[in-house]
Every structure is written in C-alpha cells, then in structure tokens.
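Open the structure in your viewer and keep the selection panel at hand. The stops below go from one chain to the contact between two.

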Protein chains: 2
Amino acid sequence: MKPGKALIAQGGGPTAVINQSLVGAVLQARSYGHIDAVYGALHGVRGIVDEEMIDLTYETNLNLERIAQIPSSALGSTRDKPDADYCKEIAKVLQAHDIRYFFYIGGNDSSDACRIVGNFAKESGYDLTAMHIPKTIDNDLMANDHTPGFPSAAKFVAGAFAGVNLDNRSLPGVYVGVVMGRHAGFLTAASAMARTFADDGPHLIYLPERTFDIDKFLGDVKSMYEKHGRCIIAVSEGIHDETGAPIITKLQEEVERDAHGNVQLSGTGALADLLVNEIKSKLGIKRVRGDTFGYLQRSFLGVVSEVDQKEAREAGQMAAIQAIGHGNSGTIAMKRVGNYAVDFQLARVEEVAALTKVMADEYITAEANDVTPAFCDYLRPLLGAAPLDAARLLSPKVSKILKA
Amino acid sequence: MKPGKALIAQGGGPTAVINQSLVGAVLQARSYGHIDAVYGALHGVRGIVDEEMIDLTYETNLNLERIAQIPSSALGSTRDKPDADYCKEIAKVLQAHDIRYFFYIGGNDSSDACRIVGNFAKESGYDLTAMHIPKTIDNDLMANDHTPGFPSAAKFVAGAFAGVNLDNRSLPGVYVGVVMGRHAGFLTAASAMARTFADDGPHLIYLPERTFDIDKFLGDVKSMYEKHGRCIIAVSEGIHDETGAPIITKLQEEVERDAHGNVQLSGTGALADLLVNEIKSKLGIKRVRGDTFGYLQRSFLGVVSEVDQKEAREAGQMAAIQAIGHGNSGTIAMKRVGNYAVDFQLARVEEVAALTKVMADEYITAEANDVTPAFCDYLRPLLGAAPLDAARLLSPKVSKILKA
C-alpha cells in the first residue's frame with residue numbers, strides 16, 4: 001500500500017447524515033499505519049484549490065462522534081464544478097501535500113468532480129486513489145438502491161405531511177406543500193408515508209417524472225375536495241410543462257441559475273403561491289394555504305432516520321477500506337439485500353457521475369397524481385422507527401335533540 | 001355539586017399539545033360521580049350550534065393516551081367568533097342536553113367566546129359553569145407566564161434555525177426565515193435559542209412589537225453580512241410599518257381576512273420572497289434564500305417539548321378540578337414559580353378574553369433587531385431536553401505550501 005496523506009471533502013447540498021460519512025471515513029482512514037495524516041478540505045473542491053485545509057488526524061473521537069450527529073457539512077461545502085483548469089490546480093495542491101487518497105462525499109455533480117480529478121491525476125502520472133462517497137436527499141444516484149441523506153429528509157417530509165394532515169382535519173381546506181427535488185420525485189413521494197387512515201392526506205402527489213398540466217391538476221383537486229371536504233397536495237418543486245420548462249418559471253421574471261446551469265427552485269415560495277392562487281381563483285375554494293418546506297427538509301436539527309445514520313457511517317467506512325485498505329478508486333454503491341439489509345459495493349465512478357436516476361414507472365400511478373404501494377414498500381424500511389402511533393377519537397356521535 | 005353533563009371543545013389554531021389538555025380535562029371530568037357524561041363538540045363552538053357532538057364517556061384510556069400524543073385538535077376546530085345570536089343557539093343546545101359544565105380550549109378569541117357563552121347563560125338564568133383552558137403557539141395570553149403549545153412550537157423554530165445555521169455555514173449566503181406571529185413576537189424570538197457559538201445565527205431578529213423599516217433592515221443585513229460572510233434573519237410574519245400596516249400587504253393586491261377581520265399572513269411565501277428580492281436587488285448579494293415555516297410550526301409530527309406536554313395536561317386537569325370539583329367558572333392561568341415550576345391558578349376569564357400580550361420591552365434589544373439574554377432565560381426551561389449537543393470541528397489549519 002502506498003504511503004501518503006488522505007484528504008476528504010464534502011460537496012453539494014448538506015444533509016442530516018453527511019457528517020456520519022465524514023466521520024466513518026476519517027476514523028477508518030486513521031486506523032491504517034501507512035496514512036501519515038488525514039486532511040479535510042474546507043468548502044469542497046474550492047478548499048483544495050485555495051489550499052484551505054484542516055488536519056483531522058488528532059481531532060478527538062468524542063468530538064467526531066458529536067459532529068456525526070449534527071446535520072450539514074461540517075467541513076463546509078461548495079457548488080463549484082471543476083473544469084480542466086480547476087482540476088490542474090487541484091492536482092498541484094494534492095501533489096504539494098503528498099495526498100495519495102482523495103475522498104469526495106456528494107451527489108452526481110460531486111461524483112463527476114471526483115471522476116475528473118481522478119482522471120486528471122492518472123493522465124499526469126500522479127498516483128492518486130480517488131473515491132466518491134454517495135450522498136443526496138434527492139435519492140437520484142444511479143447504481144444505488146438509495147443514497148444516504150434521503151431517508152432522513154424523507155422522514156422530515158413524512159412527519160410534515162402527517163402533521164399537516166391532522167391540522168387540516170381540524171380546520172379543513174386545501175393545502176399545497178412544495179417539496180425539494182428537481183428531476184427526481186423520491187422526496188415528494190415520501191409524503192405518502194404520512195397516511196394511516198383511508199382518508200388521510202396527501203390526497204394528491206405530483207412528481208417531476210410526469211408532465212404537469214394545470215387543468216388536470218385543478219380537476220384532481222376539485223374531485224378530492226368534493227370527496228373529502230378537504231385536500232392536501234404534495235408537489236415537487238421540479239414539476240414542469242410538456243416542454244420541460246419548470247412551472248415556477250411561468251411566474252418569475254428573473255430566473256437565477258447556479259454554476260451547473262440549474263434554475264433556482266428552492267428558497268422561494270413562488271410555486272406554492274402560484275398554485276394556491278390558481279385553486280382560489282379557478283375553483284372558488286376559500287381556505288387554501290401553501291407552504292414550501294425549503295431548507296428545513298435537509299437541515300432540521302433533531303429529525304433523522306437511525307437507519308440512514310448507520311448506512312451513511314458505513315458508506316464512509318467502506319470507502320476508506322476500499323481506497324486505503326485495497327487501493328481501489330471508484331464509488332461505494334448501496335445495494336439492497338432482502339427486506340432489509342444493505343451491501344456496500346465498490347463500483348466504477350462512471351456509473352454515477354453526472355447521471356440522474358428518477359423514479360421507476362412502477363412507483364407512479366397511471367393517473368400520475370399518486371405513488372403506488374410498491375413505492376411505500378421500497379421506502380418503509382429506510383425511515384427507522386415511527387415517531388408516533390396514528391390515532392383518532394373513536395367515540396359515538398351524540399343523538400341530536402334539537403336538530404334531530 | 002350540581003349534576004349534569006360536561007362538554008369540551010377546541011377552538012382556533014391547533015398545536016402540538018392541545019390534545020394533552022383535552023385528555024387531561026376528559027379523564028379528570030370522568031372521575032366525578034355527579035357527571036353523567038362527557039361530550040366533545042366537533043369543530044369548536046360550530047359543533048355545539050350544529051349539535052355535532054361525540055360522547056367521550058367511554059373512550060378508552062389507551063386511545064385517549066394515544067390522542068394526547070398527536071398534534072392538532074382531535075375534536076376539530078373552528079375560526080367562528082360567536083355573537084349574541086350565535087350564543088343563543090349555543091345556550092339552547094346546552095340546555096337541551098343538560099350540559100352544566102363547558103370547557104373551551106383556545107387562545108384569546110376562544111376565551112372571549114367562552115366568556116360570552118358564560119355571561120349569556122347567567123343572564124338567561126341557566127346554571128352553567130364555563131371554563132377556558134389556555135392554548136396558543138403565539139404565547140400572547142394575558143395573565144399567563146406562557147401558554148401550552150408555545151414551547152413546542154418554539155422548539156420547532158429553534159430546531160429549524162439551528163439546522164439552517166449549520167446549513168448556511170456549509171454554503172454561506174443570506175437566509176430569511178418567516179415565523180408565525182401576528183402581534184406577538186415570542187415565537188420568532190425563540191429562534192435565538194438556535195445559537196451556541198458566538199457567530200451562530202440568527203444574526204438578526206425582527207418582531208411585530210417594533211416598527212419595521214426596510215432601509216434600517218437592509219443596513220442591518222449589510223453590516224452582518226460583512227462581519228460574518230453570511231447572515232441568517234428571523235422575521236415575524238406580523239412585521240408592519242409605522243402605520244401598523246403589515247409589510248406583506250405592500251406586495252399582495254388582494255388581501256384575505258378571517259371572521260375576526262385579521263389579514264391572512266400564513267400559508268403564503270410572499271413576505272419571505274419580498275424581503276429576499278429587496279436584499280438581492282439593493283445589496284447585490286447573490287445567494288439569498290427565503291423560507292416560510294408555515295403550518296409545520298404548529299403541527300409537525302414528532303417535535304414536542306416534554307415540559308409543554310406535561311403542562312398542557314395539567315392545565316386541562318386543573319380546569320376540570322376547578323369547574324367540576326369546585327364549581328368555579330373562569331380560566332386557568334399559568335404562573336411561573338422559581339426556576340422552574342408552574343402554579344396553575346384560577347383566574348377571571350375577563351383577564352385574558354380578547355386581550356393580547358406582547359413581548360416585554362426588556363426582552364427586545366434597543367436596536368430592535370434582536371432579543372436580550374433575559375428572553376433566553378425566560379424561554380430555556382420551557383423547551384425540555386435539547387435534541388443534540390452543538391459541535392464544530394476543532395482541528396488546526398494545514399500550513400499552506402503553494403499559497404503560503
């Protein structure tokens with residue numbers, strides 16, 4: 001095994017468990033005798049280029065275990081997407097510090113960055129082992145049954161809709177909840193786990209895997225409202241028309257784009273407000289409310305799936321074992337075994353880099369306004385223990401005397 | 001003690017613990033031999049007028065204990081505000097069913113309804129004991145140190161800002177979080193509990209107790225952003241200009257009002273979007289995001305203060321003891337004892353009915369953009385156990401080689 005230093009970084013949107021992967025990889029990396037030091041880059045690849053790194057070699061185990069529990073990226077993150085010049089800068093820093101093992105925790109964009117850096121090192125004859133560790137609340141990585149971060153965000157979304165369902169039963173009306181997810185609807189679909197009783201919401205679920213038609217939507221809402229006297233709707237922020245244009249752009253004059261060319265969808269309540277106004281004006285329903293769950297979905301302190309925590313830790317550990325223990329570059333792919341365990345396999349980073357997995361057809365109903373029981377079966381084991389039993393008062397009606 | 005039936009109802013916005021008060025009152029009421037039955041009105045006073053009631057006398061203790069755990073109003077709620085005619089209808093129903101004890105769990109509007117019903121019964125010579133049980137996430141009831149429902153909503157707000165603070169450290173920028181609260185800023189102020197380290201957000205807090213000036217606001221944000229390289233802002237939905245007009249009405253063409261004449265503030269992301277656009281356009285900061293916490297604050301399944309749960313239960317129990325055990329009408333007022341216990345005292349309903357408590361001057365800084373340590377001391381014991389230890393990586397910086 002080649003001696004040298006290991007470097008770890010976190011990229012893209014933070015999650016509730018990305019620090020579990022960080023801590024898993026750091027603790028495992030430190031256990032190998034041929035590792036001189038374990039560095040952490042601040043704010044992802046940006047910290048490498050800027051030579052902004054910290055030395056995690058003597059970070060106490062106690063503090064690492066605390067860090068593992070908190071949401072967000074403890075090293076800081078970035079949205080930078082390295083091009084060839086950027087990678088040249090990265091390679092220079094890695095070489096200057098004798099870094100021989102590079103770990104990048106992130107989603108499809110970060111795995112692509114990891115791939116580019118690995119290829120660039122190989123082309124320039126620098127012996128580097130580059131390993132991607134999966135993470136994304138969107139659950140949209142190819143080659144993975146699911147990804148760390150998604151189950152905890154899904155638990156938040158399910159808890160939000162379960163509470164909203166009860167609130168809306170107390171004061172009936174129409175409620176629109178907008179959930180994160182640009183191309184993949186997994187997180188929006190998780191709202192289905194809020195249901196226990198037959199008339200529980202969400203009553204309608206709209207995903208970016210299907211074209212969104214406003215007239216069809218209004219017809220669905222009208223029909224559910226007539227049936228239940230109320231209607232709760234889960235909508236992905238990424239819903240789009242038949243041309244692929246996000247519905248949110250129909251409203252906003254100026255559209256903000258990130259370094260990857262993506263339209264900004266989060267951090268604004270515009271989509272919920274647009275849909276609420278459509279329902280009020282076209283269906284004449286008075287009490288219509290919209291919430292946009294926003295950053296709370298990925299960062300809320302105290303809502304986490306214990307299954308997700310363990311798996312994120314294990315993904316980080318396995319990355320260190322494969323890279324430092326066995327000298328393998330690549331990515332760690334999570335494969336489901338039975339009902340339910342996970343096998344953490346080494347895979348080629350090209351299998352996930354810059355690719356997007358969306359929901360399988362079998363998870364979406366033909367009407368394109370709900371998910372199937374197969375999706376709920378898929379998601380259930382990831383969420384860990386339910387926070388509460390669902391319950392309703394069961395007492396009989398009192399016989400009327402005056403209005404009998 | 002006069003024999004007869006007891007009736008309980010829930011009014012106004014649901015909370016995480018309003019069912020604790022329901023269950024506390026029902027269990028205690030059922031223990032008295034002179035109570036023939038305990039009824040529950042569906043959807044507050046509306047259910048009385050419509051004679052829509054259920055008989056809770058034989059609801060199992062097991063199911064009641066499950067109900068106590070879930071957020072929202074298990075009996076359903078209403079925004080109806082009874083006038084004289086409405087009360088005449090209520091009195092007729094109470095008389096027809098021989099209801100001699102009436103409990104109404106709610107905020108200032110519901111306590112006023114309770115007062116009107118009680119007075120009307122007295123004037124018409126019907127022997128009725130009317131008892132109000134405090135509840136409101138706004139924490140704006142007079143005569144109370146604090147009110148059931150507020151601590152759990154405050155815990156949600158603190159957890160949200162603690163997570164957002166970590167998320168925003170990972171990917172720095174400006175973040176605006178809009179919190180419920182029309183006239184009283186207690187819930188927005190609870191965001192201060194998200195702080196541990198000196199540079200933790202929220203860095204600015206705006207309350208409806210003070211006039212909101214957009215230029216002062218932009219100056220504050222600019223200064224904090226320059227200091228920290230990021231800025232997290234907690235804003236009450238009720239912020240208003242010097243005329244008292246809500247800032248949100250500056251944007252919306254059509255304004256929705258409820259039966260009490262209040263402008264609709266919740267269920268829309270308009271205020272956050274307005275402030276975000278001001279910051280982007282006037283300060284030229286690129287990454288600016290806004291979230292509106294919305295209904296999740298009062299309904300999220302699984303976030304609750306165990307202190308709040310116990311106190312809500314006790315308020316319900318004490319209401320039954322005072323009304324059924326001692327024949328007293330009124331309200332239960334929560335008084336703080338030492339640091340920390342609560343004394344549940346009988347008080348006159350006129351002390352709380354239709355009145356609004358706002359934050360004391362000593363809880364708001366002179367700059368009107370933050371809360372004082374005294375407020376944090378006030379709030380701390382109400383929140384129960386912290387979900388997590390705060391933590392940061394403590395490792396030293398790596399010495400630069402290339403950019404030294």
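What percentage of the 404 residues in chain A do buried residues make up? The share is 63%, where buried means under 20% relative accessible area with a 1.4 Å probe, protein chains only. This is a predicted model, in which local features need pLDDT of at least 70 and side-chain atom pairs count only at pLDDT 80 or more, while totals for chains, interfaces and linings use all residues. Residues are numbered from 1 along each chain as its sequence is written, chains are lettered from A and ligands numbered from 1 in the order in which they are written, and side-chain values use heavy atoms, without hydrogens and water.

Switch to the C-alpha trace. Along its principal axes, the trace of chain A spans about 85 × 45 × 35 Å.

Now display contacts, meaning heavy atoms within 4.5 Å. In chain A, among contacts between residues at least 6 apart in sequence, 77% join residues at least 24 apart.

Next, select chain B together with chain A. Their contact takes 91 residues from chain B and 91 residues from chain A. About 7,400 Å² is buried between the two chains, and carbon and sulfur atoms give 60% of this. Buried area is the accessible area (1.4 Å probe) that two parts lose on being put together, summed over both.

Finally, select B:E51, B:L393 and B:V398. These supply 9% of the area that chain B buries against chain A, more than any other three residues.

Methods: Buried means under 20% relative accessible area, exposed over 50%, partly exposed in between (1.4 Å probe, protein chains only).
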